[in-house]
Amino acid sequence: MSDYCISVEHLTKRYRLGQGGSSNDGLRHQLEAGVRALFTLGRGTSKGNKARPAQNEDFFALNDVSFTVKPGEVLGVIGRNGAGKSTLLKILSRITPPTSGQIRVRGRIASLLEVGTGFHPDLTGRENIFLNGAILGMTRAEITRKLDEIIAFAEIERFIDTPVKRYSSGMYVRLAFAVAAHLEPEILIVDEVLAVGDAQFQKKCIGKMNEVAQSHGRTVLFVSHQMSAVRKLCSKGLLLTAGQTGGPGPVEEVIQAYLGKISASERTLDLTKVKHDAYAMQTARLECLSIDDNCPVAYGEPLTFHLDVTCDTAIADAILGVCFDTAEGYRVITLDSDVCGKVLDFSKGKYRVTFKLPRNPLSPGLYNIGCAMFSGGAILDSCNAGVWEVVTGQGDTMTNRGYGGARLTFDTEVAKL
Amino acid sequence: MEELIISAEHEEKNYWRDLWSYRELLYFLAWRDILVRYKQTTVGVAWAVIRPVLQIAIFTFLFQRVAKMSSGDIPYVLLVTGGTLPWGLFASTFSAAGDSLISSSNLISKIYFPRLLVPASTLVVGLVDFAISLSILVVLMIWYRYVPDFRILTLPLFIILAMMASLGAGLWLAALTVKYRDFRFISPFIVQIGFFISPVGFASSNITTPWERVLYSLNPMVGVIDGYRWAIFRGSTPFYWPGLLLSLSVSGFLLFTAIKYFRHTEKSFVDLI
């Protein structure tokens, strides 16, 4: 028990929902409360009479979380969106205080919740290295010593005295990560920062983090949606589910537990509850997007899903489209009904259109699903439906080789020349 | 090995040590603001001189020619300059500090560092501007062949007093603005009203009734500006001790309570910002 570098004890973080902090207890509110307190002062009201929002508006981002991390461990924190991962990292990074419970940390801690925190667009690359380094906790002497190394890692030697607002987004990210990669803390906390940047640079970053964790014996806490990265980097995993956790375990077990949970939920996306783009000619509505019963959402497996639409009038020659975007916003595939040669003629009423893929080509990961309906070159309705996670298929033994968004089946032939 | 404890309690033992270990960040934040401010401007740092020069010209005209106020035996423009510079330090620090936390919300929500550094860096920026605009005073004094005496040596003390008042008021405003955005509208008023109730364009000796003078000196900038003029202009304005003591205690009180309030609220900034 004494051999820890992070010990989290009964950590709880409560947020108040609804109006948000600012308007609910704004100045007017406080003044009112103050005046009211003045008037009730003499009447001896009880203390419990404070104007407080009802308890049911409270939301527990973390609820009684306890675990320890040993020195040199690389812990992958995984969980769905809203499970409390970011809150945990924010508390560990001392950005926000816990509501109750405590954390003991032994060693210098540095956190990287975003690359390029504090970068100023008007400053040059070199100036930003100093500024960002200082924000991350480096001393000026330390930055000066590592300056050349950082510039070389970022591969931006030629542009180092150009304002970063003129950089391409790739250069910007490379520079930002280069600074962060040269931090030398005993404990490093990393949020999903690797989601940015191209595949090659992601690889370089993961390599750098591997090096940090293994050769320098540093403790790393790593949050990611990319299971392949977690698998590759981490020895242990911590699964957060609705603000609670069962504690760290071997990384593979934790990943399996997570994937088992996620594939069972939100297979049906109710499109009446999401925001639709507005169009002048809205004669049809997208109602529901659902995965066929018992169909897995896994790479390499068949995928069948349904799109339900309601037409207010007869619509001839309609096209229904479903697209899959990565979390970073890159479109991986689009499935338009006219591509497979089907002509859809609807009369007034409700329809279910089923999409059948013999083999799901999407690499494991999270995808934003967009739906749209067209007719005669005009969009009738479109919306962002939600997020589906594609998991590793049963027969998929490949780890992340930088495949990109989709993998196709194909043959190779060898001929000796 | 030293152990860091993160818990809900407000008090942190190593608050000041932490602040000290991040002292370079104070420098970098101020350096950034100064660098960025004059990027893509044609005249650059000259703005730090042009603005106060125009102000001095207008105030001199208004108070001397229009309001027909007297400046004793020193040129009116010197009197105004002696008031404009410390007031400028206060006003720019105060308003910049008030907005500083909000405009750094991106930083505050992504990384830990002592939050006090953000408004404190605006004081450093204010001081740099102040130092540049001091050159105006020097030029004017050469022009009027006005040589200060030994009293000029006390000037740094009054600069420190001005810093205390600016930082105290600025910290209060910064911390309050995070929670109550109302203060974004209130702060320009405070600066405007503060200008009229401070002896920027005239001498405090215009206020002759004793109790009125005491009441007037509750404004900490009164003691500061009077002190400046006393130090620079060979004591031509008689030293007013109650004013200095009041200014010192009001500024000290302001700074002390501001730091207390700031420390009390800074942990919740990120949830409110």
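**A tour of chains B and A**

Begin by selecting B:Gly170, which sits in helix H7 (residues 155-179) of chain B; helices (H or I, at least four residues) and strands (E, at least two) are DSSP runs numbered from the N terminus. The model is predicted: local features need pLDDT of at least 70, side-chain atom pairs count only at pLDDT 80 or more, and totals for chains, interfaces and linings use all residues. Residues are numbered from 1 along each chain as its sequence is written, and chains are lettered from A and ligands numbered from 1 in the order in which they are written.

B:Gly170 is buried, because 28 other C-beta atoms lie within 10 Å (buried: 20 or more; exposed: 12 or fewer; partly exposed in between; C-beta atoms are placed from the backbone). Beyond its neighbours within four places in sequence, the contacts of B:Gly170 include B:Thr93, B:Phe94 and B:Pro119 (contact: C-beta atoms, placed from the backbone, within 7 Å).

Next, select helices H5 (residues 140-154) and H6 (residues 169-181) of chain A, whose axes come within 8 Å and cross at roughly 140°. Axes are lines fitted to C-alpha atoms, for helices over the stretch in contact, with angles from 0 to 180 degrees between N-to-C directions. Show A:Ile150, A:Phe153 and A:Ala154 of H5(A), which meet residues of H6(A) including A:Arg174 and A:Leu175.

Finally, select strands E12 (residues 284-291) and E13 (residues 303-311) of chain A, which run antiparallel and are joined by seven bridges (strands pair if DSSP finds at least two bridges between them). Within this pair, A:Leu289 stands opposite A:Leu307 in E13(A). The open sheet around them has four strands in the order E11-E12-E13-E17 (chain A), with antiparallel pairing.

Methods: Contact = placed C-beta atoms within 7 Å.
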